[in-house]
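Here is a friendly walk through one protein chain, a few residues at a time. Keep the viewer open and follow along as we go.

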Amino acid sequence: MPGGVRTWAPVGETPLLRCKLTRDHYSVISAITPTGEFYMAMQTTAYDSAAVIAFLEQLQSAIEGKLLIIWDGATIHRSQAIKDFLAAGAAARIWLERLPGYAPHLNPDEGIWHYLKHVELRNVCCHDLRQLKQELTAAVERLSAKPEIIIGCFAALDDYKKST
């Protein structure tokens, strides 16, 4: 079963996972480094400019030197608050590079989320937000113990560039 998942059910019956559907969710923002570090923040509300700026400040505190931030074209990334934050001095350390909407495969962080969703969190069905937070936190801890996975996402980008 390439790419598939095995489960158990009576012969001839499709297996079902039952879970309560709600609008409860986590919004997550993350960053990776070419040396295999992973940074993440999550909250139960949608990210606004202030929360994105707080995450950028967290990165500035955690990582020395200049930061290249690669992100998609979401409107929040182009907000006036972000522009003001950069103009107030953050631009001395932070360079923002926007990817075109048609090119998520050029963002190495997308590879990390693919790995988290399809490997570390495969077949996870949570009962509530508390359990989801526990599962995601545990998955991130497992990923952080494997910096070669993170580094590999940068290598996959290099391989892609060579093939085009």
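Predicted model: local features only at pLDDT ≥ 70, side-chain atom pairs only at ≥ 80, totals over all residues.

## A loop residue to start with

As background, most residues other than glycine have a negative phi.

## The chain as a whole

Stepping back, the protein chain holds five helices and four strands. Their order along the sequence is β-β-α-β-α-β-α-α-α. The C-alpha trace spans about 65 × 40 × 30 Å along its principal axes.

Of the 164 residues in the protein chain, 32% count as buried. If we take the contacts between residues at least 6 apart in sequence, 61% of them join residues at least 24 apart.

## How α3 and α4 pack

In general, two packed helices are described by the angle between their axes and the distance between the axes. Helix α3 covers residues 108–120 and helix α4 covers residues 129–144; their axes come within 11 Å and cross at roughly 115°. That angle makes α3 roughly perpendicular to α4, since the range 65 to 115 degrees counts as such. The crossing of α3 and α4 is right-handed.

Which residues of α3 and α4 meet? From α3 come Ile112, Trp113, Tyr115, Leu116 and Glu120, and from α4 come Leu136, Ala139, Val140, Arg142 and Leu143. Sorted by type, the residues of this contact are eight nonpolar, no polar and two charged.

Lys146 has its place in the loop between α4 and α5, the latter being residues 147–163. Lys146 is partly exposed, with a relative accessible area of 27%. Setting aside neighbours within four places in sequence, Lys146 is in contact with Tyr115 and Glu120, and both of these residues also take part in the meeting of α3 with α4. The side chains of Lys146 and Tyr115 are joined by a polar contact of 3.1 Å.

Is Ser79 buried or exposed? Ser79 is buried, with a relative accessible area of 15%, as the cut-off for buried is under 20%. Ser79 lies in the loop between β3 (67–71) and α2 (80–87). A polar atom of the Ser79 side chain lies 3.2 Å from the backbone nitrogen of Ile82.

## Tyr26, ahead of β1

Our last stop is Tyr26, in the segment before β1 (27–32). Leaving out residues up to four places away in sequence, Tyr26 touches Met42, Gln43, Thr44, Leu129, Leu132 and Lys133. Among these partners of Tyr26 are Leu129, Leu132 and Lys133, which fall in the 129–144 range of α4.

One more pair is worth a click: Tyr26 and Thr45 are 19 residues apart along the chain, and their C-alpha atoms are separated by 6.8 Å.

How values were computed: Residues numbered from 1 in each chain as written. Heavy atoms only, no water. Axes fitted to C-alpha atoms, helices over the stretch in contact; angles between N-to-C directions. Helix = DSSP H or I, 4+ residues; strand = E, 2+ residues; numbered from the N terminus. Parallel < 35°, antiparallel > 145°, perpendicular 65-115°, else oblique. Left-handed = near helix turned anticlockwise from the far one by under 90°. Contact = heavy atoms within 4.5 Å. Nonpolar A, V, L, I, M, F, W, Y, C, P; charged D, E, K, R; others polar. Buried < 20%, exposed > 50% of the residue type's maximum accessible area, 1.4 Å probe, protein only. Polar contact = N/O pair within 3.5 Å; in protein donor to acceptor, adjacent residues only side chain to side chain.
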